[in-house]
Amino acid sequence: MSAFLPPALLNLFKPNPPLAFVQPLDAESHERKWPSKMAGVAQYLQEFEDPKDTPAPTFGEKKEVRRARKAKEKELRVKSALEEKKAAWDPNTDPNAEDSDAFKTVFVGRISYNVTAEALEKEFEVYGPIKRCKMVTDKDGKSRGMAFIEYEHESDMHMAFKRGDGKKVDGRRVVVDVERGRTVKNWLPRRLGGGLGATRRGAPNECIKISGRVDSMSSRPPEDDRRSSSYRGGYSDRPRSPPRDRRDDRSRRSSYDDRGRRGGYDRDYDRRDRDRGYDRDRSYDRGYDRDRRR
């Protein structure tokens, strides 16, 4: 088959010439000259350490042990930092509340981030004249969903405390409470391990979804009780009766009409008899009145 290929293609399959032999630089293994003086390691044994002084072997830390150790260290760091913040926290020295009266101030939480101080003041001025409305913001000036409203009279503060809780502001219910930082002894905010409420207690099944103050929620029945039939407006566990078929109602109505036509009970006939009796009574009363006038 290769005889039919052109010479140019045959040259592609032609083997290259063999490589030229080059004398190695090193001698062969059987021609090498080894040193004549060779000794063992017996003279160096005294330099080794005593097996009694050998330290115990060390093993690497397992993944689970390392994770638990780091979690414990982090917990200790957070706890120590929290204790330092608790010792340094003093609401009476807050520069934002130096010239305000704590017994005329209410705390408003769970506010929508779109609500401004002017809009919130307009919502709560229905309870009385407001002296100041202070929104709590972060470093960038964005609202944190909390505010402190100071009224001019203490009675207005009590009115806002009683009736303002659960009020809808911008489509969201807010929680209203007194300022506990300067009025309640040993009070701590939520960021320092204190606070009230159970909306952020832990897992979703442990938290409640009812908006409102703690004292107002204590009078409400639990979640399970509100679903029972004894609670007004709750759900009833009684099985519902199956819906009736409309065709059965039509057939029952048609059979009743047929009985009336065939000589059964006739409402129109009974109504006519009652009307006739009523007319006879009226005519009798008229005749009795004429006799008395005579």
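Keep in mind that the model is predicted. The protein has eight helices and six strands. Along the sequence, the pattern runs α-α-β-α-β-β-α-β-β-β-α-α-α-α. Of the 294 residues, 17% are buried. The accessible surface is about 25,700 Å². Carbon and sulfur atoms hold 51% of that surface. Now the contacts. Take those with a sequence separation of 6 or more: 55% of them join residues 24 or more positions apart.

Next, salt bridges. How many are there in the protein? The count comes to seven. I'll show some of them.

Start in helix H2. Glu 73 pairs with Arg 69, with the closest N and O atoms 3.2 Å apart. Both residues sit in H2, four residues apart, which is about one turn of the helix. Glu 73 has 35% relative accessibility, so it counts as partly exposed. Arg 69 is partly exposed too, at 34%.

Asp 99 is in the loop between H2 and E1, and Arg 132 is in strand E2, residues 130-137, so the bridge ties together parts that are 33 residues apart in sequence. Is this pair buried or exposed? Asp 99 is exposed, with a relative accessible area of 52%. Arg 132, at 29%, counts as partly exposed.

Which residues gather in a patch of positive charge on the surface? They are Lys 63, Arg 66, Arg 67 and Lys 70. Lys 70 lies in H2, which spans residues 63-88. Its relative accessible area is 48%, so Lys 70 is partly exposed.

Now the loops. Leu 188 is in the loop between strand E6 (175-178) and helix H5 (214-218). At 23% relative accessible area, Leu 188 is partly exposed. Set aside its neighbours within four places in sequence. Leu 188 then contacts Lys 86, Trp 89, Gly 194 and Gly 195. Look at Lys 86 in particular. Lys 86 and Leu 188 are 102 residues apart along the chain, yet their C-alpha atoms are separated by 7.9 Å.

Next, Gly 166. This residue is in the loop between helix H4 (154-163) and strand E4 (168-169). Why does Gly 166 count as buried? Its relative accessibility is 16%, and the cut-off for buried is under 20%. Beyond its neighbours within four places in sequence, Gly 166 contacts Arg 173 and Val 174. Val 176 is 10 residues from Gly 166 in sequence, and 7.5 Å away, C-alpha to C-alpha.

Last, backbone angles. Arg 110 is not a glycine, but its phi is positive, about 60°. Arg 110 is in the loop between strand E1 (105-109) and helix H3 (117-124). With 26% relative accessibility, Arg 110 counts as partly exposed. Asp 170 is not a glycine either, and has a positive phi of about 60°. Asp 170 sits in the loop between E4 and strand E5 (172-173).

That covers the fold, the salt bridges, the charged patch and the loops.

Terms used: Residues are numbered from 1 along each chain as its sequence is written. This is a predicted model: local features need pLDDT of at least 70, side-chain atom pairs count only at pLDDT 80 or more; totals for chains, interfaces and linings use all residues. Side-chain values use heavy atoms; hydrogens and water are left out. Helices (H or I, at least four residues) and strands (E, at least two) are DSSP runs, numbered from the N terminus. Buried means under 20% relative accessible area, exposed over 50%, partly exposed in between (1.4 Å probe, protein chains only). Contact means heavy atoms within 4.5 Å. Patches are made of residues with over 30% relative accessible area and no salt bridge: like charges are joined within 9 Å, nonpolar side chains (Val, Leu, Ile, Met, Phe, Trp, Tyr) within 5 Å. Accessible areas come from the Shrake-Rupley method with a 1.4 Å probe; for residues, only the protein chains shown count as cover. A salt bridge is a side-chain nitrogen of Lys or Arg within 4 Å of a carboxyl oxygen of Asp or Glu. Lys and Arg count as positive and Asp and Glu as negative; His and the chain ends are not counted. The place of a charge is taken as NZ of Lys, CZ of Arg, CG of Asp or CD of Glu.
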